[in-house]
Each structure stands twice: as C-alpha cells, then as structure tokens.
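Colleague: I would like a close look at one part of this model. Please go through its backbone with me.

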Amino acid sequence: MSLKRKDLLSISSLSAEEIDLILEASEPFKEVSGREIKKVPVLRGKTVVNLFFEPSTRTRTSFELAAKRLSADVINFSPSSSSVVKGETLLDTARNIESMQADIIVLRHSSSGAAEMLAKNVRSSVINAGDGWHEHPTQGLLDLFTIKEKKGTFVNLKVAIVGDVSHSRVARSDIHALVKMGAEVRVVGPPTMIPPFIQRMGVKVFSNFDEALPGVDVIIMLRLQLERQGRSLFPSMREYAKLYGLNVERVQRTGTDLLVMHPGPINRGVEISHEVADSCQTAILDQVSNGVAVRMGLMYLLSQLQ
Amino acid sequence: MRTLIKGGQVIDPGRLNRIADVLIEDGKIQLIDTNLQATLKNPESVTIIDAEGLIVCPGFIDLHVHFREPGFEYKETIATGVDSAVAGGFTTVCCMPNTSPVNDSQSITEFILRQAKIADKAHVFPIGAITKGSKGEELAEIGELHQAGCVAISDDGIPVMNSLVMRRAMEYARAFDLPVVDHCEDSHLSAGGAMNEGFVSTELGIPGIPNAAEEVMVARNIFLAELTQSRLHLPHVSTIGSVRLLREAKERGVSVTAEACPHHFTLTDEAVRNFDTNAKMNPPLRTDADVQAVKEALKDGSIDIIATDHAPHAVYEKQRQFDNAPFGIIGLETALSLTLSLVEESVLTLEQAIAKLTCEPGRVFNLPFGTLTVGAEADVALIDPKISWTLDPNRLRSKSRNTPFAGWNLKGKVVKTLVGGQVVYEAD
C-alpha cells in the first residue's frame, strides 16, 4: 500500500481514508521499537535528510530514530551551523541537498508554507515537521494514534485543546485531524490567543476553562511560549496558570476518565501542574513512542511511491 | 506633424462619447469631429490611424507607481517603468519616493525628472517625501520639493505614525496646495502581519493585518484633514470600514480623495491559500465583503480614482517563504482589463470607468492631462474592448514579473498609446 502522494505537508490536505491508512500502517512499527534488534530493512539504501531551520531536539530525534530503525541513512542539517547564515535561501539550501539524492527531506521551518514551497521545488519527498504556525502533521497523526490506542474511537469523542491556539501548528493539525475523524473539538484559551473565525474550522470556542471541562474525554494542553509574555497576549504566568492551567480539580471537573496529552516540552506549574504531569492519566510519554512509530509508518508509505 | 485617428468611439468622459475622428497637430489635440478625413488639407502628409471598433480616450493617469530608481534598479527603472506604463495605456504616472535614497530632496526629484526625460515615453511626476528619509520624524523640505516638480507628498510604504507630525505636514503642505498622501496603516496593529487577518490567515497560520489597522489611520487622517483644511488623498483603500469613513467624510464636505487598486476590487484573501507570494501586497487582499464595498464606493464616487500601486520586485525576492517575501505586485499592464470587468459587472459605465483612469486622477492631483479637449496634449489610448488575451508574465514590459494574474484570460486591451501625438506603444 502507498499514500499515492509525494509529500506529507498537512493534515488539511488528507482525507479521512488516508489518515486511517497511515494509522494502520504505523501499528506494526510500534512493535519493532519493542524488539531487541530495533531494525527493519524497509528504507535500506535510502537517504533521509532532517532539515531543521528551527531548533528541536525531540522532533528531530524522533524522525532520526524512525529513519534509522527503517535502515535509512540519516543526515541532520541544522542551518544555524551552515550556509544559511551566509545568506543562502531556503530553496538553494534544499536544492543542494536534493543534489545529494535525498529521498526524503524532513523540514522544520519558522515560516508557514515553507514545506509546501519546498515540496513544489524538489523531487524528494517532503515531510512537514512544522512550518511556522501552520501545521505539524506528524504530531496530529501521533496524537490520533495515541487517542485511538487509549479510547478506541474518535467519533463523538469530546476533545479540548487548551492554550495558545493562535501560534500553535500543533493545534491546527490536531483540529483538522480530530474534526475529520468525527470528534467534537473545543478550543480553550484567553481571547488574545484564539485566532479569529476559528469556529469555521468546526470547533467550539471557550475562554473560560472551567465551563469547557464537563464531559471532556481528552485534553491536549499546548505549551505556553514564555517569550510571548510582554507582547500583551497575557499579563503573567501566574494568572495564566490560574485561569488556564490543568490541575487535579480541573481533571476531576471533566467527570470522565480523562486522557491528558501534551506535545511537549511541558512547562511544569504553568499549563500543567506537577501532580497532573506525574499522574497515570497522562499519555505524554506514549505520545513520544507513538511518534516514532507513526513517523516510521509514514516514511514507509511515502517510500512505496518511489 | 499631423495624425488622424479615424472612426473610433471617442470617449472623453463628461465631454464626448460618440464615433468621431481625432485630429492631432504638433502634439496637441486639434479637432474632434466626424468625417474629418474629407476636410484635410494636404491629406498625404497626415498619418492615418484606423480606430474602427476601438475606443479612443485620453491616455491614463496613474497617481501611484513605484519605479524603484534610484537605488533598486534591479526591480525596475524609470525607463522600464514608463515602457510598462504605456503598454498599459498610461501616459502620465506619479512615482512614489520610497527609492534609495528616499526622494526627500530637490536633487533626487531632478534626477527622476531627468531619467524620465531621457526615457521620453510618458510624463512622470515625482511624489516627494513627507518626512526626511520617510522616517516619520522631521518634515522634508516640502517647499523645495514642490519647486523641483513634486505634485504631492507621501511617505508611502510607511505610515506617518506620529499624529502631530502628520498635522504639521498637512498644514505646511497647504502653502503649496499639495495633496498629502498617507499610507494608512497603524504599524503596531499590523506588526508582523503578512496577509489579511481573517479565516484564511487563521487556517494558514499566517500573522494577519486586521482591517482596523487601515481604518484607525483613515479615521485619524480624515480628522486631521478637517482640522488643517488641507488636501488629503488616501491611497489603496481596501476595507469596508475605510469606505464607510470616506463616504461619511465626503458627505460632511471634508477635502478628501481616495483611490482603489484593481487587485482590491478583483481578488480576495482566498488568492493566498497556496502561499502565493505574487498575491502578497500591503494593504493585503481582503474578504469578499470588502471587495464589494470597494466596488460600491467606486460606483457612488466615494472612491474617486483607480490607481495601480505598481510595485515591482525581482523574481528571486518573491521566491521566498510567504512571510519573508516583500509586499507588492505590478499592475500597469493589467489595470485596464481589470477595470473593464467592472463595466461588464455593471458596477461602472464605460465612461465612468475611463474617467476613473483619466480626468479624475487629473483633477485629484491638478495635472493638466487626462482629457481630449482641443489644445490638450495628444496623449491618447486606443482600446480594443472585445479582444481576449492570456496574461503571459514573460511578455510584460516591466522588468519584474510579480503579478497574481499570470495565466488569466483577460478581456480588453490597449492596442496603441500616443504621447504628444507620437505612438509610444503598439500591441503586437
């Protein structure tokens, strides 16, 4: 089976069937990571380049592990240490890499649309590992995988996405993914951090966290970027934690067997309290291991097209 | 030297709209009447231009172009700019001062006029800066700019954020009867924005520029114009709120004029869906409600004129990530076709549409062009309103290619342009 597309740029461009395909293809790879010899020859002889213009240890490591466990040759390219500082453009950098016969380029960039621009201009398969505030499709997919594992279904599941939605590519990908798969999505955050017209994406908007909680099955907490304080988006971490932080009381307020998720890294005591972070209700570490499996499944599917 | 433009539909808005012949002598309109050919003395020495089936109207006036010279000649020069202009039917253009160095002095103004004279194709009138270096702090030597030949002042590209500086600029400019053109944008509200703030920007995760960023400054400028009794001209009006403010101000008798650009009455922010940087400009493409409001405003006269805001950028500059690419699109060679669409849609009559490109801009900046009255400069555009053509960016006369209309099927085209009675452009 294959995805019949060269690139994976966004969740918004995927159909529900394609999402199902990726999730199913990822299942067997989860088992591979549990073996003693964590290797399958699926991508043997292929070259995967991680082109990360934004610093990221976790996502990059996850892609690197995934590619290596598939037996690919992996190169990590972090342009802070290379020619981009000397003024080379994204396209020129990418074309240089393509000339090294990269089969898959995994791109993370601070500009929305960067992955799409790259994909149009190179023959290699491009996987969007996060472009600006736009999308982080593999995060969306691994979040779906985790929810499916823990809750069994998406249909009519009540999912709340909480935090700085405006600046979150994870939020956008998750919203597309969950709405497409039939979940009921609520976004919660201070009005300064909820982008305009987001209801048109099929979600309900709340600025009062407590009002949004009853009945919620899954909560995805977003990381508060502390650098955003001082730009009039929120007055202080203290107030943010009080109004929008997930604590034990709020977990109980849902009245369900709440699943707590977070794309990481977490700010303990800010968006998530210490007690909740360490409780067995969080699937944060499962998300990490599922991330490797989903990225393996995805790269397998893309390579089938080539 | 005599030329006879024969048998076209002569439209001189407000004065003439019928089939007639136009006789040009020594670069000026000599006579307009029917059957002139028969009455010619020494007919062998007269150049005949057959205009049957064509519209014959005054050459267009664009009050808002960026010709990038001095300093950014790789994007456009005055020579390539006027080439592009006449290919679009424009025989008079006013070029903005955001060159490098900024046109805040007599020497730069004179340089621009000199380059235009050498290019010898269209009339070029410089717009001088409001503040020194367009930094928004100290007034430029506006008197000297006026004497050197500037027809208006603007810091276009950047707003004059300090309201006191804007007030003083308006008052000072009154001494020279110069229109003040403020790029209406509250730079705090728009900070970081790359497209219209709306549902599309929310889905794409691109920082947005809200309508309010333009509207708060439109409001401010209208009040300052009232306070100072000066001539305010609002460039590139793009929002429903700006239109509302304009309408109300005009009803009150405030001396304010306004322009709209063809892209703001043709495209919405949906054009940016695939991150096309050739659809990125400032103010950005807005929503359908805004587009309809701009059309209404053109119809009822709240917006006086059409101008292009022709803003060339090199291909490689636009080939960057969306948020990184420069703002601006070219527009001289597509303006007429897009304006004729308004006639198709019954937003404007043909005569009104031509007026918005000719006598109205002439009136707004007091330029002695834009009409076909006897004795006027023979700046004439011949239009084939029926011809269908596909826009191939590589065949544009501009040095740059940054247009969102590449590949569009357009209707109506300028087939010939005359400046001072000389043919300066002929469609191939």
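Where is A:Asn156 found in chain A?

Modeller: A:Asn156 is found in the loop between α5 (137-151) and β5 (158-162) of chain A. Helices (DSSP H or I, at least four residues) and strands (E, at least two) are numbered from the N terminus. This is a predicted model, with local features needing pLDDT of at least 70, side-chain atom pairs 80 or more, and totals for chains, interfaces and linings using all residues. Residues count from 1 along each chain, chains are lettered from A and ligands numbered from 1 as written, and side-chain values use heavy atoms, without hydrogens or water.

Phi of A:Asn156 is near 65 degrees, positive although the residue is not glycine. Most residues other than glycine have a negative phi. A:Asn156 is exposed, at 56% relative accessible area (exposed is over 50%, buried under 20%, partly exposed in between; 1.4 Å probe, protein chains only).

B:Asp309 sits in the loop between β15 (305-306) and α11 (315-318) of chain B. B:Asp309 counts as buried, with 9% relative accessibility.

Now the peptide bonds. Most are trans. A:Gly264 and A:Pro265 are joined by a cis bond, with omega about -10 degrees. A:Pro265 lies in the loop between β9 (259-261) and α10 (274-278) of chain A. In chain B, the bond from B:Ser100 to B:Pro101 is cis, with omega near 5 degrees. B:Pro101 belongs to the loop between β7 (90-95) and α3 (106-119) of chain B.
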